[in-house]
Amino acid sequence: MTHGDDAGLMLPPKIAPIQVEEKTGVLNAALSVAEILKTAGRKVKLDDADQRTTRWKFNFWEMKGVPLSIEIGPRDVSSGSVVMSRRDVHGEQGKVFGISMEPSILEAYVKDWLDEIQSSLLQKAISFRDSNIVDVSSYEELKEAISLGKWARGPWSASNTDELRVKEETGAMICCFLSNSPSG
């Protein structure tokens, strides 16, 4: 209670577990990494705001859908490495520790991971799409597919009246006409 004020704890240097904050070194390393990646043609946002915790920032950018996060702390600076996290793989499986800040290694790692994320998300989307399409040949089958939350694919007369009927009875609407659809 003696060593503190309204802003928080004030530890005497002899008992403080950390005597010097290494923010300047971390920020310089982060700026260097950002510049390396920008030079390599990557779209980079360095979040150097002081108002939020690291965890808050990580969650914020995760919710925005940023595919790849790079974390740099004092130990990373001293070892010349970074921690990378993939948005599409949760938890420790999506993290890699100790990636070198050496530009050629960092650029290659980021490129490979972004390519992997792109491919992974595309495959997930295709799999989701294909597993949710039901081929129908009658109005009853169409209604059944919609009631199951599926997408129905089938012949369509392109009638505005029929489209309105489908929308009123099922809540569904016509989304697209396939260019490779069979006639009829």
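Guide: Let us begin with a charge over a ring. Such a contact is assigned if NZ of Lys or CZ of Arg is within 6 Å of the ring centre and within 35 degrees of the ring normal. Here arginine 86 lies over the face of tryptophan 113, at 5.5 Å from the ring centre. Arginine 52 is likewise placed over the face of tryptophan 56, with 4.4 Å to the ring centre. The model is predicted, with local features requiring pLDDT of at least 70 and side-chain atom pairs pLDDT 80 or more, while totals for chains, interfaces and linings use all residues. Residues are numbered from 1 along each chain as its sequence is written, and side-chain values use heavy atoms, with hydrogens and water left out.

Visitor: Is tryptophan 113 buried or exposed?

Guide: Buried means under 20% relative accessible area, exposed over 50%, and partly exposed in between, with a 1.4 Å probe and protein chains only. Tryptophan 113 has a relative accessible area of 8%, so it is buried. Tyrosine 109, at 27%, is partly exposed.

Visitor: How many aromatic pairs does the structure hold?

Guide: Rings of Phe, Tyr and Trp (its six-membered ring) pair if their centres lie within 6.5 Å; planes under 30 degrees apart count as stacked, over 60 as edge-to-face and the rest as tilted. The structure holds 4 aromatic pairs. In one of them, phenylalanine 60 and tryptophan 61 have ring centres 4.9 Å apart and planes at 85 degrees, so the pair is edge-to-face. In another, the rings of tyrosine 109 and tryptophan 113 have centres 5.6 Å apart and planes at 55 degrees, so this pair is tilted. Ring pairs also join Trp56, Phe60 and Trp61 into a cluster. Of these, Phe60 is partly exposed, its relative accessible area being 27%.

Visitor: Where do tyrosine 109 and tryptophan 113 lie?

Guide: Helices (H or I, at least four residues) and strands (E, at least two) are DSSP runs, numbered from the N terminus. Both residues belong to helix H4 (residues 103-132), and they are 4 residues apart, about one turn of the helix.

Visitor: What is the order of the strands in the open sheet?

Guide: Two strands pair if DSSP finds at least two bridges between them. The open sheet has 3 strands in the order S3-S4-S5, with antiparallel pairing. Its edge strands are S3 and S5, each of which pairs on one side only. On average, neighbouring strands of the sheet are turned by 30 degrees against each other, direction ignored. Axes here are lines fitted to C-alpha atoms, for helices over the stretch in contact, and angles run from 0 to 180 degrees between N-to-C directions. Strand S3 (residues 68-71) pairs with S4 over 4 bridges, and S4 pairs with strand S5 (residues 95-100) over 4 bridges. Methionine 84 stands opposite isoleucine 70 and opposite valine 96 in S5. Serine 85 faces lysine 95 in S5.

Visitor: How many residues of strand S4 are buried?

Guide: Strand S4 (residues 81-86) is mostly covered, with 6 of its 6 residues buried. Ser81, Val83 and Ser85 point one way, and Val82, Met84 and Arg86 the other way. Helix H4 lies across S3, S4 and S5, running at about 5 degrees to S4.

Visitor: With which residues is serine 69 in contact, its neighbours within four places in sequence left aside?

Guide: Contact means heavy atoms within 4.5 Å. Serine 69 lies in strand S3 and, apart from those neighbours, is in contact with Phe58, Val83, Met84 and Ser85. Its relative accessible area is 16%, so serine 69 is buried.

Visitor: Which residues of helix H5 are buried?

Guide: In helix H5 (residues 139-147) they are Tyr139, Leu142, Ala145 and Ile146. Seen down the axis, they fall within an arc of 120 degrees, so they line one face of the helix. The arc is that of the directions from the helix axis to the C-beta atoms. The face turned away from the buried side carries the exposed residues Glu140 and Ser147. Among the elements that cover the buried residues of H5 are strand S6 (133-135), strand S7 (151-153) and helix H6 (160-170). Just after H5, glycine 149 takes a positive phi of about 80 degrees.
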